[in-house]
Structure formats: C-alpha cells, structure tokens
Amino acid sequence: MEMRRRGFLIGAVAGACAAVGGEAEDARERVPPAVIAPPGSDGGKRLRTRCTGCNLCVAKCPTKVLKAATLEYGLAGTMMPVMDFSRGYCEKDCMLCGEVCPTGAIRRLTKEEKSKTKIGHAELVEGWKGLCLAFKDGHPCALCEKHCPYAAVKVVEEEVEEKSGEGKARKKKVRLPKVDPDKCVGCGACAHVCPAHALAIQGL
C-alpha cells in the first residue's frame, strides 16, 4: 500500500515535469552529499532500496528533525526521511526511528552505536564572521558549545591581527566557535540553536 502511494506521488511529479516539456532526472543511483539521511540508514542509497515512505520515523521523532523528502533524494526517494536541522536536531540517546522502522531501512542501534554513528559534521558557514555574535560583537553567546552533547564545539578566545583605518596593524582578542571533527557526529544541535545561523551541518 505504501509503495503504491509513493509510486503514485512519483508518477504525478514526473508527469508534471513532462507536461512542461522537461525530462525528470533519473536519480535512482545518485544522492547529493549535502542530503543527510537518519543515523542507522547508512546513507540515502541504502535507504532507497528498503524504505517504503511510511513516515513512522517522521511521526515518532521527538525533536521533529526528520521530515518526508520531496526531491532531496530525487524522484525515487519521495517521502523517505531526511534530516532538516532548521526544524530540530538528533538527540544523542534517541533510537526511536530505528525501533519503529518496519522494513529495516533504518537499523536498530544501541546507545553506544548511536553515539558513534557519524552522519555529517558541523562547520562555520561562509561569511560567519559577520554572523557569529561571539566573534563580531564580543557577545557572551556560547549556545553552540552549551548544547553540543558530544563536547565537539568550543567557543575559544584567540588573538588576531587586524588593521586600523590608518593601515596600522594591531592585535585584538576575539571569541569564536571551533569544531573538533573527531568528536562531531553531525547531530545538528549547534546549528539548530545558533541564533545567527553561523553553523551548518554538512553530509559525509
């Protein structure tokens, strides 16, 4: 039933593309690296071979970081779960998506396995210096550090050299977030709580 429902949706979208003279992309084998699948799915390619688009994982996700995909995985991945860190983040000790998945598309993980499952990594976005409150305004903001459950993000103080209006160099102390890639698993907590949107999660 779920496969038929997703097949109908895919057909409807493909038909609409054809109606305007375009050709729907055959995306059965390609998943853009920026798209992040839930932990335990082992990536979009495996997910697409098993997921029926039932959306039980989406419904049960306590932080609502999971949503039903539209075209993130291509037409063949319509209705599959995809991470959206503007909505929430992946809790460290939550394994609900794997527990409710009826097909094994999202594997059941133990707490230990979940804490070590890397789905991406946090990084500062382009132009972050004009966004990050701690850096540009010296604000005491350290929400990214406080909310990271893996202690992978730290707001540190560094001395940088800058030029004055007269062209003279002077040293200045600034605060900025730094990500430890060895600790970060891409849960999205830092990106979700950042009020300036200076951090983002990149897929593997």
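Exposed means over 50% relative accessible area, buried means under 20%, and partly exposed lies in between. These legends describe a predicted model.

**Figure 1. K171 is an exposed residue of strand 5.** The relative accessibility of K171 is 59%. That value is over the 50% cut-off, so K171 counts as exposed. Which residues does K171 touch, leaving out those up to four places away in sequence? They are E159, V160 and E161. Take E159 as one example: it is twelve residues from K171 in sequence. In space, the two C-alpha atoms are 6.4 Å apart.

**Figure 2. The whole protein chain, as background for the close-ups.** The protein chain has eight helices and six strands. Read from the N terminus, the elements run α-α-α-β-β-α-α-β-α-α-β-β-α-β. The protein chain has 204 residues, and 40% of them count as buried. Now take the contacts between residues at least 6 apart in sequence. Of these, 64% join residues at least 24 apart.

**Figure 3. V58 is a buried residue of helix 3.** The relative accessible area of V58 is 14%. This is under 20%, so V58 counts as buried. Residues up to four places away in sequence are left out of its contact list. What remains for V58 is K64, L66, K67, A68 and P81. A68 lies ten residues from V58 along the chain. The C-alpha atoms of V58 and A68 are separated by 6.9 Å.

**Figure 4. T63 and K64 sit in the loop between helix 3 and strand 1.** Helix 3 covers 56–60, and strand 1 covers 66–68. Is T63 buried or exposed? T63 counts as buried, because its relative accessibility is 15%. The side chain of T63 reaches the backbone oxygen of Y89, at 2.4 Å. T63 is also in contact with R87, G88 and E91, among residues beyond its neighbours within four places in sequence. K64 has a relative accessibility of 42%, so K64 counts as partly exposed. The phi of K64 is near 65 degrees. That is a positive value in a residue other than glycine.

**Figure 5. M79 has a positive phi although it is not a glycine.** The phi of M79 is about 80 degrees. Where is M79 placed? M79 lies in the loop between strand 1 and strand 2, and strand 2 covers 81–83. The relative accessibility of M79 is 17%, so M79 counts as buried.

**Figure 6. D180 lies in the loop between strand 5 and helix 8.** Strand 5 covers 169–179, and helix 8 covers 189–193. D180 is partly exposed, because its relative accessible area is 26%. A122 is 58 residues from D180 along the chain. The C-alpha atoms of D180 and A122 are separated by 8.9 Å.

Figure 7. A disulfide is a covalent bond between the sulfur atoms of two cysteines. The sulfur of C184 has its closest cysteine sulfur in C190, at 6.2 Å. That is also too far for a bond. C54 is partly exposed, because its relative accessibility is 25%. C184 has a relative accessible area of 8%, so C184 is buried.

**Figure 8. K92 lies over the face of Y150.** How far is K92 from the ring centre of Y150? The distance is 5.0 Å. As for pairs of aromatic rings, the count for this model comes to one.

Conventions. Residues numbered from 1 in each chain as written. Predicted model: local features only at pLDDT ≥ 70, side-chain atom pairs only at ≥ 80, totals over all residues. Heavy atoms only, no water. Helix = DSSP H or I, 4+ residues; strand = E, 2+ residues; numbered from the N terminus. Buried < 20%, exposed > 50% of the residue type's maximum accessible area, 1.4 Å probe, protein only. Polar contact = N/O pair within 3.5 Å; in protein donor to acceptor, adjacent residues only side chain to side chain. Contact = heavy atoms within 4.5 Å. Disulfide = S-S within 2.5 Å. Phe/Tyr/Trp six-rings, centres within 6.5 Å; stacked < 30°, edge-to-face > 60°. Lys NZ or Arg CZ within 6 Å of the ring centre and 35° of its normal.
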